[in-house]
Amino acid sequence: MEVLERIGPIAGTGAAAILYTAGAGERRLLEWVHVANTTGSDQTFILSIGADAAGVRLASGVTVPTGSFLSIPLAAVIFDGETIQWNGPTTLTLTAMLRKPD
């Protein structure tokens, strides 16, 4: 039986922050990310697998318009000790859904 896991909602910190680390022998499918902006100005964020770098970004400088949200469907597999990391301002809130395959 597959199990869904929710991460968040988590407010940004203005710096890189680890959202999830897969345990030894684990694999997870990052299926969905929802980022909300309740401020009066556009805000941007970065989402990566592992330490942030151009080659591992799932989202880079994505703008969330004033007073709105983005829901992003994904299909990113996280393996053995890999992390999901994001960098967003304190004005953004992220919620993500992971699936643990059988």
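Modeller: Contact here means heavy atoms within 4.5 Å. The model is predicted, so local features need pLDDT of at least 70 and side-chain atom pairs count only at pLDDT 80 or more, while totals for chains, interfaces and linings use all residues. Residues are numbered from 1 along each chain as its sequence is written, and side-chain values use heavy atoms, with hydrogens and water left out.

Colleague: Which residues is Thr-95 in contact with, leaving aside neighbours within four places in sequence?

Modeller: Thr-95 lies in strand β8; strands are DSSP runs of E of at least two residues, numbered from the N terminus. Leaving aside those neighbours, the contacts of Thr-95 are Arg-6, Ile-7, Gly-8, Pro-9, Trp-32, Val-33 and His-34.

Colleague: Is Thr-95 buried or exposed?

Modeller: Buried means under 20% relative accessible area, exposed over 50%, and partly exposed in between, with a 1.4 Å probe and protein chains only. Thr-95 has 13% relative accessibility, and therefore counts as buried.

Colleague: How many bridges join β3 to β8?

Modeller: Two strands pair if DSSP finds at least two bridges between them. Strand β3 covers residues 27-37 and runs antiparallel to β8. His-34 has Thr-95 as its bridge partner in β8. The number of bridges joining β3 to β8 is eight.

Colleague: Which residue in β8 is the bridge partner of Ile-7?

Modeller: Strand β1 (residues 3-11) and strand β8 (residues 92-100) run antiparallel and are joined by seven bridges. In β8, the partner of Ile-7 is Ala-96.

Colleague: What is the average twist from one strand to the next in the open sheet of four strands?

Modeller: The order in this sheet is β2-β7-β4-β5, with antiparallel pairing, and the edge strands β2 and β5 each pair on one side only. Axes are lines fitted to C-alpha atoms, for helices over the stretch in contact, and angles run from 0 to 180 degrees between N-to-C directions. From one strand to the next, the twist averages 20°.
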